[in-house]
Amino acid sequence: MTTSDPLTRTDADGLLAEQLLRLTRRLHRIQKRHLEPVGITPAQSRLLRTVAHFGEPPRMADLAARLEVVPRAVTSLVDGLEAVDRVRRVPDPSNRRVVRIELTDAGRATLRELRSARRAAAEDILAPLTAAQREVLGGLLTALVDPGPEGGC
């Protein structure tokens, strides 16, 4: 069989998919290990970073949309981060029924710690690659993550 044979191509694509899944699990384990000293989970880390990227404190619905999760998942993450004083719920000044989420001083300090933890996790996972290989990988990942209008979901 050659690589143009549909069965071989399917096998190769299946192997690539499996390797990507294994890499994702490995990345998650490494990231989790580096986040433990900071005292938050990878999901909480992502929520903190997302809150920080908004120009003003976002609504829970805004966070759910940006994170591509159901609103209940955001509520649970905010509850956990609020319990350790990293975010707080604040009323919307123009609509008292709306609650917004803002970072606390402790949340901003945690973001600084996260940057170091993420760099260390990235170095762990990318250590076997040369600078040139990292550059190629970056291009390939960009093509997969941002496929363009015809390849998106």
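Begin by selecting Glu68, which sits in the loop between α3 (60-67) and α4 (71-83), where helices (H or I, at least four residues) and strands (E, at least two) are DSSP runs numbered from the N terminus. This is a predicted model, in which local features need pLDDT of at least 70 and side-chain atom pairs count only at pLDDT 80 or more, while totals for chains, interfaces and linings use all residues. Residues are numbered from 1 along each chain as its sequence is written, and side-chain values use heavy atoms, with hydrogens and water left out.

Glu68 has a positive phi of about 60° although it is not a glycine. Most residues other than glycine have a negative phi. Glu68 is exposed, with a relative accessible area of 72% (buried means under 20% relative accessible area, exposed over 50%, and partly exposed in between, with a 1.4 Å probe and protein chains only).

Next, select the two helices on either side of this loop, α3 and α4. They pack at an angle of about 110°, with their axes 9 Å apart; axes are lines fitted to C-alpha atoms, for helices over the stretch in contact, and angles run from 0 to 180 degrees between N-to-C directions. That makes α3 roughly perpendicular to α4, a word that covers angles of 65 to 115 degrees. To see the contact (heavy atoms within 4.5 Å), show Met60, Leu63, Ala64 and Leu67 of α3 together with Pro71, Val74, Thr75 and Val78 of α4.

Move on to Asp85, in the loop between α4 and β1 (87-92). Asp85 also has a positive phi, near 60°, in a residue other than glycine, and at 46% relative accessibility it counts as partly exposed.

From here, select Arg89 and Asp79, whose side chains meet in a salt bridge (2.7 Å, N to O); the term means a side-chain nitrogen of Lys or Arg within 4 Å of a carboxyl oxygen of Asp or Glu. Arg89 lies in strand β1 and Asp79 in helix α4, so the pair ties together parts that are ten residues apart in sequence. Arg89 is partly exposed at 28% relative accessible area, as is Glu82 at 30%.

Finally, select Glu56, Asp92 and Arg100, which are linked in a network of salt bridges, and then Glu18 with Arg25, a salt bridge whose closest N and O atoms are 3.6 Å apart.

Conventions
Angles under 35 degrees count as roughly parallel, over 145 as roughly antiparallel, 65 to 115 as roughly perpendicular and the rest as oblique.
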